[in-house]
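Trainee: Could you walk me through reading a sheet and a nonpolar core?
Mentor: Gladly; let's look at the model together.

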Amino acid sequence: MRVHIVREPADRQSRDLLEHNYRLRHKVFVERQGWEALRRPDGRDVDDFDNEDATHILITDGKDVVGGSRITPLDRPNLLQTVFHGLVQEDLPADPSLGADWTRFYVRPDRREGRRRAPESAALFCSVMEYALREGFSYITFVSSIYMLEHGTAVGWRITPLGRPQSIDGKPTLAAWIEVSEDALDNVRRATGMRQALISGQGHFSAIGNSLIP
Amino acid sequence: MNADLMSTIENVQRESSASGILDLLYAAIDQYGFQKFIISGLPDRGMDVRPFVLLSGWDDEWYERYTSLGYVHLDPVARHCFGTTLPFDWSDAPYDQEADLPARRVMEEARDFGMDQGLCVPIHMEGGMQGVVSLVGKTEHLDDKSRLELHMLALYVHGRLRFINANDPNGAPRRAITRREAEILKWVASGKTANEIAGITGLTARTINQHCENAQKRLGTNNRLHTVVEAIRHKLITL
């Protein structure tokens, strides 16, 4: 498996990855999770925030995209402060220029079946924290079902709610921020057994070693 | 947000020992009228629950009885965790009071130990692993806001305990595996897949994988190969 950091304007190879990513997102978020507001007739989940400010962290296995996440800066238009502003009652921990919004986290559904822990998901957790540290962010915001509080805390992340959880489509949902730090990266690496860096300096991707195979 | 809850959440995340979490949680749930609790993973059918317990705030006598007699597999509250993602009152855990006598026995015995009401928070971990935070106390006074707060608190505490357990230098690696785990690791060491071992032992592949995962946890190893290597190195299995 490889981790790719993709931004617009994308070169031809990255363009293919992005297209694959948009189609998978539609499958996961619209067709499986029922997020109807995202439904599009062309079967691609692309919204206003898939623009040149966005960074896509994509995991591939061979030619296939098997998981992904999107990071958008908080001092540019973002999902948290528009669509989900109703979930935010507390102040951000620091200036918006120091934070990023983590959205569209997914693992291709068939990769989760029958496995105790999806290495794709572990790779995304590690990559997102590694990327945030590298870019100099001090916190990452997210909106998700409140179960993320358990998953994030279990890998040693410090997570602070930005507001009261609310029931959205019957699921308790909240906005929160994760502290970005060397400790947070160490902890998630130890918890997932992924010891080495996933994002390389220049090529923006690297092979993931055997530590990923459960 | 509730300021008390926010500070409890912060303290839970700073805490580095299970005993510290115990004190924090007793104090926090007291605010909501609860007295005792248990935090545990839920094992597959027939397996001992004790290696899965993260933290017990139960009376010793009941804990001993419940865990040694395999009550986790009879208890309708524990069973209902597999069927729902939302917190529920114990009294809402379905079971057939006429036909399911073992379930009724567990519920009645719990009542004799002064544990007749409670709130159960199922914890769904990645990959289908199942856990539970169960609070002992009356629930009828709880409003939706308190229920959501307890739900959040339970998720934080469960996650933090998993983190503490995985990093406890005294707890892990524990150099002990069960006889069953040793048997299965021997088959793994001879190159058999989970399906093949299932065929040999008559267990399901899922149970085989669970045994391997448990051995991995006990030994503090990172993957199946590492587990086998450590088991051989420490002479827990001989080939």
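Mentor: This is a predicted model, where local features need pLDDT of at least 70, side-chain atom pairs count only at pLDDT 80 or more, and totals for chains, interfaces and linings use all residues. Residues are numbered from 1 along each chain as its sequence is written, with chains lettered from A and ligands numbered from 1 in the order in which they are written.

Trainee: In what order do the 5 strands of the chain B sheet lie?
Mentor: Strands of a sheet pair through backbone hydrogen bonds, either parallel or antiparallel. Here the open sheet of chain B runs S2-S1-S5-S4-S3, with antiparallel pairing. Strands are DSSP E runs of at least two residues, helices H or I runs of at least four, both numbered from the N terminus; two strands pair if DSSP finds at least two bridges between them.

Trainee: Why is one side of S2 and of S3 in chain B left without a neighbour in the sheet?
Mentor: Strands S2 (53-57) and S3 (88-89) of chain B are at the edges and each has a single partner strand, so one side of each lacks a neighbour there. Further in, S1 (residues 34-41) and S5 (residues 130-137) of chain B are joined by 7 bridges; Ile38(B) has Ser134(B) as its bridge partner in S5(B).

Trainee: And the core?
Mentor: In soluble globular proteins, nonpolar side chains tend to be buried together. A nonpolar core is a set of buried Ala, Val, Leu, Ile, Met, Phe, Trp, Tyr and Cys residues joined through C-beta atoms within 7 Å; buried means 20 or more other C-beta atoms within 10 Å of a residue's own, with C-beta atoms placed from the backbone. The largest core has 104 residues, and Val128(A) and Phe37(B) are among those with the most contacts inside it. Helix H6 (residues 144-167) of chain B gives the most to this core, 11 residues.

How values were computed. Buried ≥ 20, exposed ≤ 12 C-beta atoms within 10 Å, placed from the backbone.
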